[in-house]
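Okay, thanks everyone, let's get going.

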Amino acid sequence: MKLVVQVKLLPTPVQAAALEATLHACNEAATWVSETAFERGEFKNFALRMHTYDAVKSRWGLGAQAAQHVIKKTCDAYATLKANLRAGNLGRSGSRRYRRAAEKPIAFRPQGAQPYDDRMLSWQIPDRTVSIWTTSGRVKNVAFTASPEQLATLALYRKGESDLLERDGRWFLNATCEVPEAPLNTDPVDFLGIDLGIVNIATTSDGEIMAGRELNRTRPRERSLRAKLQKKNTPSAKRRLKKRRHNGARRARDINHKIAKHVVAEAGGTGRGIALEDLTGIRERVRLRKPGGTSHALKAVGGGPPTPPAPAPNAGTSTERTGSHRPGSRAGTADSLITQTATAPATSAPARGSCGDAGRRQRPLPHPGNTRIGLDANPASHPVMPVVQARRSSDG
């Protein structure tokens, strides 16, 4: 499978200036190529290259490989736009949003990512340096930093293109790695039921609750602080907003990744598959106002033999967040009840927080009436993808 490893470059001021000039030149050339493609109605790589290749090389001083990547990047952008228009991701045909996307050429940001192949970029992984092509010539000994795991992955599996990008004055390389997949377990002994919720990011049929309390506590504070800084609107407030704008997304992505890895390791270590709650059409059924709308989880569809997917009663309501203490019902959160009834009965192991809760034990949440508590720490489907891959091991 393909895996993208991101490393942080540590260029000197002279090297950073060369990288910045190269990135700006490539994206300015890509914008011109996009305008030419839009005027001519030609979006195929080979045909568009006939009209733009020579001009891109001479006008912006790009090398042969860089010019070809600029043209290919433009064609890929139009292919993505066409797919989004066809799928309705940019509104219905004729809508304002649809027309704004379809009736003008694509423009590229000056800091947009630029692809590099092995002719333009070479890695010296033991020395933690790269040699990279720029419009000022080849820049050698550009230092980068990476964890030991990333270095091992790069050394063993790096293959294909790498993308150079700048974000908030920092430089990164996204390297593509071809990592061999582990053999699929086509005959699991049982299934581990997983429910993705709002207060509890993930609840397993073993009774383990991964709530991400660290994330749930900091998110309201971050939202309140962002609103205050936006209202203040001073130069200092703008600097603080720019500095903090990616913190929440990085924190959520890190916790989601830890939860996904933990769930997959737990199921793989016990020879079980992973069964997810059946939530087909949840986005069409659920309408949430802020702040609930911003915390609405994107859940995956799972299930299959021998355990069918479980229904999702009252999805998106306060019952899902807090549970319901009705006469004769079990106490606890609705998410934990779903996993106990959808799969084999949950074990008597106490619910414990992990992956963001530092292993602290948690009690079942009390029912506070109709008060909405907590926030979903899973606004995107980061933990869903590895879970779905593991679950598909029983298909067929």
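So, Asn141: with 57% relative accessibility, this residue counts as exposed, where exposed means over 50% relative accessible area, buried means under 20%, and partly exposed is in between, with a 1.4 Å probe and protein chains only. Asn141 is found in strand β5, and Asn141 has a positive phi of about 60° although it is not a glycine. For the element names, helices (H or I, at least four residues) and strands (E, at least two) are DSSP runs, numbered from the N terminus.

Keep in mind that this is a predicted model, in which local features need pLDDT of at least 70 and side-chain atom pairs count only at pLDDT 80 or more, while totals for chains, interfaces and linings use all residues. Residues are numbered from 1 along each chain as its sequence is written, and side-chain values use heavy atoms, with hydrogens and water left out.

What is the order of the strands? It goes β2-β6-β7-β1-β5-β4-β3, an open sheet of 7 strands with antiparallel pairing; two strands pair if DSSP finds at least two bridges between them. At the edges stand β2 and β3 (121–124), each with a single partner strand, so one side of each has no neighbour in the sheet. From one strand to the next, the twist averages 35°; here axes are lines fitted to C-alpha atoms, for helices over the stretch in contact, and angles run from 0 to 180 degrees between N-to-C directions.

Let me walk across some of those pairings. Strand β2 (residues 114–116) pairs antiparallel with strand β6 (residues 158–167) over 3 bridges, and Tyr116 has Ser162 of β6 as its bridge partner. Then β6 is joined to strand β7 (residues 170–178) by 7 bridges, again antiparallel, with Arg167 bridged to Arg170 in β7. β6 and β7 form a hairpin with 2 residues between them, and Asp168 in the turn has a positive phi of about 55°.

Lys243 and Asp168 are 75 residues apart in sequence, and their C-alpha atoms are separated by 8.2 Å. Lys243 lies in helix α7 and, at 70% relative accessibility, counts as exposed.

Over to the other pairing I wanted to show: strand β1 (residues 2–10) and strand β5 (residues 137–145) run antiparallel over 3 bridges, and the partner of Leu10 in β5 is Ala143. Helix α3 (residues 64–87) packs on the sheet, touching β2, β4 (129–134) and β6, and its direction makes about 130° with that of β2. Contact here means heavy atoms within 4.5 Å.

On to the helices. Helix α2 (residues 45–60) packs against α3 at about 135°, with the axes 9 Å apart. The two are therefore oblique to each other: under 35 degrees counts as roughly parallel, over 145 as roughly antiparallel, 65 to 115 as roughly perpendicular, and the rest as oblique. Among the residues making this contact are Leu48, Thr52 and Val56 of α2 and Ala64, Ala67 and Ile71 of α3.

On α1 and α2, the packing angle is about 150° and the axes are 10 Å apart, which makes α1 roughly antiparallel to α2.

Last stop, the inside. Which residues touch the most other members of the largest nonpolar core? They are Leu9, Leu62, Trp123 and Leu164, out of 51 residues; a nonpolar core is a set of buried Ala, Val, Leu, Ile, Met, Phe, Trp, Tyr and Cys residues joined through side-chain atoms within 4.5 Å. Leaving aside neighbours within four places in sequence, Trp123 is in contact with residues including Val7, Phe144, Leu154 and Leu173. A second, separate core of 14 residues includes Leu192, Ile194, Ala267 and Leu276.

And one more residue: Thr153 lies in helix α5 (residues 148–157) and, at 18% relative accessibility, counts as buried. Not counting residues up to four places away in sequence, Thr153 touches Leu3, Val5, Arg158, Cys177 and Val179.
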